[in-house]
2 protein chains.
Amino acid sequence: MSEAGKRVRIAVDAMGGDYAPGEIVKGAVYAAQKGDVEIILAGPLSVLEGELAKYSSSNDLPIRCVEASEVVKENESPALAIRHKRNSSIVIATKLVKSGEADAVVSAGSTGATAASAIVYLGMIEGLERPAIAAPLKGLGPDTILVDIGGNVDCKPYQFLSFAIAGSIYAKKVFNIANPTVGLLSTGAEQGKGSEAVREAYSLLKNSGLNFIGNVEGSDIFSGRANVIVCDGFVGNVLIKFYESLGIYALDVIKRKVKKYPLAGSIAKLLFNRIFPVTKLAYAGEEEGGGILWGVDGVVRIAHGACRAPHIAHAIASARNTVKADIVGSLKSELAKFRAENKL
Amino acid sequence: MSEAGKRVRIAVDAMGGDYAPGEIVKGAVYAAQKGDVEIILAGPLSVLEGELAKYSSSNDLPIRCVEASEVVKENESPALAIRHKRNSSIVIATKLVKSGEADAVVSAGSTGATAASAIVYLGMIEGLERPAIAAPLKGLGPDTILVDIGGNVDCKPYQFLSFAIAGSIYAKKVFNIANPTVGLLSTGAEQGKGSEAVREAYSLLKNSGLNFIGNVEGSDIFSGRANVIVCDGFVGNVLIKFYESLGIYALDVIKRKVKKYPLAGSIAKLLFNRIFPVTKLAYAGEEEGGGILWGVDGVVRIAHGACRAPHIAHAIASARNTVKADIVGSLKSELAKFRAENKL
């Protein structure tokens, strides 16, 4: 962890993402230009130097490169790739955090590989089995954080509790909510509704000391009743992808209508874009996609595979804020406290 | 089953629903006025006669009443209520189907009680364990049917297959699609993604003889790639409630913006309502909520608890169409064929 006042050092997987390395390096340049982070790019040096040469200012920016000769591709088995490609950009970038040379790692590459690399090289926080991803929901309601939207499927009851703790810390630190409310996503408001794991998680949450308000339903997500909504990663993944896609389908509907009623349609589209965030919704996936990988012992920021330079800069800034707020440290201490109190 | 040309006979649980009996009886009158159904109302005779007396034409309509002195309330345990309240309106209405006096039953009462009553008095089709609910998705994409949105949680792989068969029959009979595509909702496109049950269901679906196109993600739901999307009832329930709620939250956002920019906001709202189905989306829950209870050996049409007369009339018409198209008969024969072919 960097000391206060020092620049936060971010290791960037320069070869991960649909538009790597071009857009990733460009995003790193944007972030470095703001002057409050130091960037370490991981990738083949010749490639990185060629990309950096495109920006006349890059020599004066706090950016350095480290050699990583291999790349993990989107369709590779994450576990195997991490084991065999020890010189891959994601592994090299992650190890910079482990060795203390960087404070956080950012990757737009395969989420599975980033998670596998983090598990292997940074390890999990005690009491957690697999990393989770928390998604801030934007557009239609007050600040709400949904955990897990990552790969935690067939969750055990205890995992829901760890999601609730992670989400509460996020809501405290990022939303500045003193005592965030926690809702358990289920098929009905009453205790006893939902899957077996959810029903068991209900009791754990009720006795957790968190500000648990009980079950919430799909229709409650944007109501603001719960600042933190916890769910199995399968449900969260489907929900977030569904929501992110709606803006695009809505725009398609508008485009078709515009053809049918050109004047009314055009005015509506213009005004609608001004006053209602449908297009923002459409691109929420690229702007806000990904998030912190919760549960690994270090700051790992996942960016959307399809993201471009501004979004990489955004992910780098988000990683910096996570380091500054010591969110991972808070999660570790709160979980340790909870485990001690509950003799786990 | 009624013969061709004869009126379809619909038993209506007159005491089920937030606005029962008033709106239910009114909806039954609307449906009967169209002349192609015969209605049998179940409820306390004195109450029903009082309601019917409000409509001068009701004496000439094909509506009759049967005594049912008890009511199952929303918060009662469905299984217990069905066992103990044998004279409840839902039990009496369901038994009219069993005895052959009615071709279908419609209820806006507790979904759990309606399902429990159907399971006990009509029984399940061979090979199915619990009823499923299929929801046609409206608004942003081509005709798509989602199964299950009902109470089937912790689904076994075989249940996904039964959802796929039910959904395919729905798409054939209602959407008139000759060979509907079936997608399995999961966290990634590749086989091997998702929960254990989904991964096992993948193999079953692949070898089912259905037009299975593999996994679909949350972002594919409105793409039209799959005419039928199958998922665990937990996921479907959360998704459909989330989607149904979006129109209401979107309208709230517009209302707030209208206050801020009155002229632009008002024009946008007006035009938007004209060209984009946001308000329809908002009320999709009431218009289209509920659906056929798939898997029970008879036609049972669930209506939304909050529905009013026009929606009850719609649910009655939908039940009539289900009887006419012999959808339950098709499901029985297709499932029997599948079980024979796969030696189940």
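What is the handedness of the crossing of helix 1 of chain A and helix 11 of chain A? The crossing is right-handed. A crossing counts as right-handed if the near helix is turned clockwise from the far one by less than a right angle, and as left-handed if anticlockwise.

The model is predicted; local features need pLDDT of at least 70, side-chain atom pairs count only at pLDDT 80 or more, and totals for chains, interfaces and linings use all residues. Residues are numbered from 1 along each chain as its sequence is written, chains are lettered from A and ligands numbered from 1 in the order in which they are written, and side-chain values use heavy atoms, without hydrogens and water.

The model has an ipTM of 0.83 and a pTM of 0.84. Chain A has a mean pLDDT (the predictor's confidence in each residue, from 0 to 100) of 87. In chain A, 90% of residues reach 70 or more. Residues 281-287 of chain A fall below 50. This stretch still has 19 contacts (heavy atoms within 4.5 Å) beyond near neighbours in sequence. Where pLDDT is low, the predicted coordinates should not be read in detail.

Two packed helices are described by the angle between their axes and the distance between the axes. Helices are DSSP runs (H or I, at least four residues), as are strands (E, at least two), numbered from the N terminus. Axes are lines fitted to C-alpha atoms, for helices over the stretch in contact, with angles from 0 to 180 degrees between N-to-C directions.

The axes of helix 1 and helix 11 (residues 309-324) of chain A come within 7 Å and cross at roughly 55 degrees. Helix 1 of chain A is therefore oblique to helix 11 of chain A. Angles under 35 degrees count as roughly parallel, over 145 as roughly antiparallel, 65 to 115 as roughly perpendicular and the rest as oblique. Helix 1 contributes residues including Glu23(A), Lys26(A) and Tyr30(A). Helix 11 contributes Ala309(A), Pro310(A), Ile312(A), Ala313(A) and Ile316(A). The contact residues divide into nine nonpolar, one polar and two charged. Ala, Val, Leu, Ile, Met, Phe, Trp, Tyr, Cys and Pro count as nonpolar, Asp, Glu, Lys and Arg as charged, and the others, Gly among them, as polar.

Helix 1 (residues 22-33) and helix 2 (residues 45-52) of chain A have axes that come within 10 Å and cross at roughly 60 degrees. Helix 1 of chain A passes helix 2 of chain A in a right-handed crossing. Gly22(A), Val25(A) and Val29(A) meet Leu48(A), Glu51(A) and Leu52(A).
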